[in-house]
Amino acid sequence: MARRVFCSFSGLKKPLWQRPAMSCDNKGRVCCPPGCPVWQISVRTPAEAEVAMAALLESLFGEPPAVYVDAETQTIALSIYCQELPRPEAEIRFRLRTSLRRIREDGLKMRVAIRKIRRQDWAESWKKHFRPLEFGQALLVKPSWSQCKPRAGQGVVVLDPGLSFGTGQHPTTAFCLEQLVACRQKGQTQSLLDIGTGTGILAIAAAKLGYRPIQAIDLDPAAVRVAKANALQNRVAKRVRILQCDVTRLPIGSETKFDVICANLIYDLLIGQTKRILSRLQPRGTFISAGILKTQFDQVRVAYAAAGLELIVTRKEKEWQSGAFAFAR
Ligand SMILES: C[S@@+](CC[C@H](N)C(=O)[O-])C[C@H]1O[C@@H](n2cnc3c(N)ncnc32)[C@H](O)[C@@H]1O
């Protein structure tokens, strides 16, 4: 799944090639009529070389590249778009190849592509990665441009990709959403604590599924802002309490306990904060954990087993393994 991120690198040298004049929108992006072809010069690189590659492209083309991060593989694609190439294609390839040689000597693999694409593809193609997703009959998660209609009684979450994690397309988020659907109990209202809320997707979905009360926390103030805006857009802002908070600072002795806790976090936080997280779980509650690589899952299972929990559901997808736990009876 691709996350769309634009980076800017300031303080760089004068560009080697001055790009031909072209029309730009008020944010300085290249614009031309839909369907008009534009050049895309892109380099795929491992994350370690992102900064060096971005600096190289900016020094060559005089503007920072658009950066796309593949959240699953952590591969980065840096792209420059222009209506006309500032130099013949062969010369650009030669320059890039020469400059890349030094970085490649460090053993990093990179791929350069120079191609003409239709502006419409460039602006719109990333949208095809974000399709409506159904979680049982109960929940539909869709981007705002989708025309998909919900079934009768289905809760709808509208979420567009942005800088925060969580559109429902990632296996770890999808597992948490499925478990939120599965954990509902007929005739009972369940409470939820969402640790590392990102876009707020799990908390918002829980509100649509009837969970009350709902508390969501994230360390990142930008994620908190995004989650609050998404809760507002989905008309659940009054039902979801979203706070900027580091899980490592959650007070242990709190009286407030939750029926369900979701934590889509990295595994060392899941392991290191076992006590803190479980101090918030009701004795008959469910702990849904994700964000764990298959190779790390057993360590998480062992850490929670030591705290008295047993694994009740687990799922492997791609390199990820997720699990739902409950106190052993
Ligand atoms: C993988 S995203 C999960 C987003 C969303 N809950 C989902 O399932 O798609 C992890 C989130 O945890 C947040 N996070 C990381 N460390 C944290 C910490 N120590 N305390 C609270 N949140 C944290 C990150 O900012 C990020 O938004």
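# Chat about helices and ring pairs

User: Let's start with helix 1. How many residues does it have, and what does it reach from its first C-alpha to its last?
Analyst: Helix 1 covers residues 50-61, which is twelve residues, and its first and last C-alpha are 16 Å apart. That is close to the 16 Å expected at 1.5 Å a residue. Keep in mind that this is a predicted model.

User: Noted. Is helix 1 largely enclosed or largely open?
Analyst: Largely enclosed by the rest of the structure, because nine of its twelve residues are buried.

User: Which ones are buried in helix 1?
Analyst: Glu 50, Met 53, Ala 54 and Leu 56 are, and then the run Leu 57, Glu 58, Ser 59, Leu 60 and Phe 61.

User: And what comes just after helix 1?
Analyst: Gly 62, with a positive phi of about 80°.

User: OK, zooming out. How many helices and strands does the chain have?
Analyst: Nine helices and 15 strands. The chain has 329 residues, and 47% of them count as buried.

User: What about contacts between residues at least 6 apart in sequence?
Analyst: Of those, 67% join residues at least 24 apart.

User: Switching to helix packing. At what angle do helix 4 and helix 5 pack?
Analyst: About 20°, with the axes 10 Å apart. Helix 4 is residues 171-182 and helix 5 is residues 201-209.

User: Roughly parallel or roughly antiparallel, then?
Analyst: Helix 4 is roughly parallel to helix 5, because angles under 35 degrees count that way.

User: Left-handed or right-handed crossing?
Analyst: Helix 4 passes helix 5 in a right-handed crossing.

User: Which residues make the contact?
Analyst: From helix 4 you get Thr 173, Cys 176, Leu 177, Leu 180 and Val 181. Helix 5 brings in Ile 201, Leu 202, Ala 205, Ala 206 and Leu 209.

User: Now rings. How many aromatic pairs are there?
Analyst: The structure holds four. One of them is Tyr 304 with Phe 325: the ring centres are 5.6 Å apart and the planes sit at 35°, so the pair is tilted.

User: Why tilted rather than stacked?
Analyst: Because stacked needs planes under 30 degrees apart and edge-to-face needs over 60, so 35° lands in the tilted class.

User: Where do Tyr 304 and Phe 325 lie?
Analyst: Tyr 304 is in helix 9 (residues 294-306) and Phe 325 is in strand 15 (residues 320-327), so the pair ties together parts that are 21 residues apart in sequence.

User: Are those two buried or exposed?
Analyst: Both Tyr 304 and Phe 325 are buried.

User: Which residues do ring pairs link into a cluster?
Analyst: Phe 287, Phe 297, Tyr 304 and Phe 325.

Key
Residues numbered from 1 in each chain as written. Predicted model: local features only at pLDDT ≥ 70, side-chain atom pairs only at ≥ 80, totals over all residues. Heavy atoms only, no water. Phe/Tyr/Trp six-rings, centres within 6.5 Å; stacked < 30°, edge-to-face > 60°. Helix = DSSP H or I, 4+ residues; strand = E, 2+ residues; numbered from the N terminus. Buried < 20%, exposed > 50% of the residue type's maximum accessible area, 1.4 Å probe, protein only. Expected span 1.5 Å × (residues − 1). Axes fitted to C-alpha atoms, helices over the stretch in contact; angles between N-to-C directions. Parallel < 35°, antiparallel > 145°, perpendicular 65-115°, else oblique. Left-handed = near helix turned anticlockwise from the far one by under 90°. Contact = heavy atoms within 4.5 Å.
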